[in-house]
Amino acid sequence: MDRVDASGPAVSRDELELLQRLVVDIRPAYLEDLATLVNSDSGSYTKAGVDRVGRWVRQFLERLGARVEIHPHPTLGDTVVGTFEGPPGGRRVMLIGHMDTVFDEGTAGARPFRVDAGRAYGPGVTDMKSGLLTGLYGLLVLRGMGALASDGDARLPFERLTFIANPDEEIGSPSSTPIIREVARNADACFVLECARANGDIVSSRKGILEARLTVHGRAAHAGVEPEMGRSAILAAARLVPALHGLTGRWPGVTCNVGVIGGGTRPNVVPEEARLEVDLRAVTREHLEAAEAEVRALIAEPAVPDVTIEMEPMARWWPMEKLEHSARLVELAVGLADRLGFELHDTATGGASDANTTAGMGIASLDGLGPIGGMDHSPAEYLELDSIVPRTSLLAGLLLAVTRDPVVAGWRRVATSAASPRT
C-alpha cells in the first residue's frame with residue numbers, strides 16, 4: 001500500500017484550530033445533553049428507555065439535516081439510522097454508537113449524572129452515551145465549519161455518511177447487526193464510537209467470539225437401585241470442562257471459558273441432561289475456526305459411553321483484525337492527535353463490538369473514538385471531562401481527513417477492479 005504522510009495537508013492547521021474552537025464552544029451543550037442521556041434509563045431490555053434515547057438522537061440528526069429511518073423491533077429498542085447525502089464521488093463512511101446500557105431500570109434514579117473532581121459519573125456515561133454524543137457533536141462542528149467556509153456550503157463532505165444508533169449492542173446487537181451489515185456493504189470506512197481505553201488508546205483490533213450452548217444428553221435411572229442403567233450427563237459434562245479449558249493458549253490469544261453449567265433433577269436420579277455455556281475467543285478468524293473445530297471434535301467423543309452432546313451457537317462475532325486499510329486509519333488518527341497536542345496509540349482488546357461486524361466484512365474499521373473513561377459496567381463508571389474537547393476534535397478531524405486522503409480514495413477503485421472484499 002502506498003504510504004502518504006499522515007500529518008500532511010489533508011487537514012490544515014487553520015482547519016484544526018477552527019475545529020477545536022467550535023468544539024470548545026459547544027462543550028457546555030454537550031454536557032447538558034450528556035446529563036439528559038445518562039439520566040434516562042436505557043438498559044438493553046428497557047425498550048421504552050432505549051426508544052426515548054432513540055427519539056432524542058433522531059431529533060438531533062434531523063436538525064443536522066439527515067434523512068432518518070427508524071427500524072422498529074417489538075421487544076428491543078428501535079434502531080435509528082441517519083443518512084447524509086453529499087457530492088457524488090466522495091467517501092462513504094459510517095459511524096456506529098449504541099444507546100443501550102447494561103443497567104436495569106431505576107439505576108439512573110438511584111445514582112444520576114454527577115460531576116466530581118474533573119470526572120462525570122452515572123450509568124452509561126462512558127459506555128457509551130458520551131461516545132454517542134461525540135459522534136453527533138463531531139458532525140455538528142463539521143457542518144458548522146462548512147457554514148463558515150467561503151462558499152457557505154454546510155453539507156458534510158461525503159458522498160454518503162450513515163450514523164447508526166444501535167439499541168442492543170450490550171447483548172450482541174441481535175436486531176441491529178443486519179442493518180449494520182447492509183450499510184457496511186457500501187462503506188469505505190467505519191468508525192465505532194466506544195470510548196477510548198482508560199489510558200487513552202483507541203482500538204484497532206478485537207478478539208472474535210463464539211458463544212455456544214452445549215447440551216449433554218444421557219440416560220436417566222435410579223441412582224440407588226440400578227445406576228448401571230443410567231448414563232450421567234453431568235459426569236460427561238464435568239469431564240468435558242477441563243478439555244474445553246485446555247484449548248486456552250493452544251493458539252496465540254485463544255481463550256475458552258465454561259461460564260455456566262447446570263443439569264439434573266434430583267440427587268437420587270442419574271441425570272439425563274446437562275447444559276454448558278461456553279465463551280470461545282480468538283485474535284484471528286483462522287484460529288477461531290480452528291478452536292471451534294476442536295470443540296466440535298471434543299463433543300463428538302463424550303467421555304461417558306452412550307451420551308450425545310449437541311452444540312448450539314448463541315452468538316458469533318468474527319475478529320476485528322487490524323487490516324491493512326484499518327492501519328491507514330490509525331496513521332491518520334495518530335498524526336492528527338499529534339497536531340492537536342496529545343499522544344495517541346492504538347491497541348487490541350479482548351471484548352467485541354460492532355467493529356467486529358464491519359471488520360469481519362473486510363471494511364476498514366477503527367474503534368474507541370469516544371472520550372476517555374473507565375470502570376465500564378460498574379457503579380464507579382466514569383468519564384474524563386478534559387478529554388471531551390480533544391477527542392471530539394480528533395473525530396471531526398479524522399472524518400475530514402478521510403474525505404481527502406489519497407490512500408483512502410484509492411480503496412474503492414482497488415476493490416472494484418479486484419472484484420473482491422477489501423483487505
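Two strands are said to pair if DSSP finds at least two bridges between them. In this predicted model, strand E9 (residues 202-206) and strand E16 (residues 346-349) meet that requirement, because 4 bridges join them. The two strands run parallel. One of the bridges can be located by its residues: Arg 206 has Thr 349 in E16 as its bridge partner. Strand E9 is also mostly covered, since 5 of its 5 residues are buried.

A further set of strands forms an open sheet. The sheet contains 5 strands, arranged in the order E4-E5-E19-E18-E8, and its pairing is mixed. Strand E4 (114-116) and strand E8 (195-196) are the edge strands, each of which pairs on one side only. Within the sheet, strand E5 (residues 119-121) and strand E19 (residues 382-384) run antiparallel and are joined by 3 bridges. The residue Ala 120 has Leu 383 in E19 as its bridge partner. Helix H10 packs on this sheet, where it touches E8, strand E18 (370-374) and E19. The direction of H10 makes about 140° with that of E18.

Helix H10 also has a helical partner. Two packed helices are described by the angle between their axes and the distance between the axes. For helix H8 (residues 324-340) and helix H10 (residues 388-404), the axes come within 9 Å and cross at roughly 130°. This angle makes H8 oblique to H10. The crossing in which H8 passes H10 is right-handed. On the H8 side, the residues that meet H10 are Leu 329, Leu 332, Ala 333, Leu 336, Ala 337 and Leu 340. On the H10 side, their counterparts are Pro 390, Ser 393, Leu 394, Gly 397, Leu 398, Ala 401 and Val 402.

The largest nonpolar core holds 76 residues, and Phe 191 and Leu 399 touch the most other members. Helix H1 (residues 13-38) gives the most to this core, with 11 residues. Which residues does Phe 191 contact, leaving aside its neighbours within four places in sequence? They are Val 93, Met 94, Leu 95, Ile 96, Leu 329, Leu 366, Leu 369, Leu 398, Leu 399 and Val 402.

A cis peptide bond joins Asp 127 and Met 128, with omega about -10°. Met 128 belongs to helix H4 (residues 125-148). Elsewhere, Ala 117 is found in the loop between E4 and E5. The phi of Ala 117 is near 55°, a positive value in a residue other than glycine. Is Ala 117 buried or exposed? A residue counts as exposed when its relative accessible area is over 50%, and Ala 117 is therefore exposed, at 76% relative accessibility.

A second residue with positive phi is Asp 306, which is not a glycine and has a phi of about 65°. Asp 306 lies in the loop between helix H7 (285-300) and strand E15 (308-317). Because its relative accessible area is 53%, Asp 306 is exposed.

Key:
Residues numbered from 1 in each chain as written. Predicted model: local features only at pLDDT ≥ 70, side-chain atom pairs only at ≥ 80, totals over all residues. Heavy atoms only, no water. Buried < 20%, exposed > 50% of the residue type's maximum accessible area, 1.4 Å probe, protein only. Core = buried A, V, L, I, M, F, W, Y, C linked by side-chain atoms within 4.5 Å. Contact = heavy atoms within 4.5 Å. Axes fitted to C-alpha atoms, helices over the stretch in contact; angles between N-to-C directions. Parallel < 35°, antiparallel > 145°, perpendicular 65-115°, else oblique. Left-handed = near helix turned anticlockwise from the far one by under 90°.
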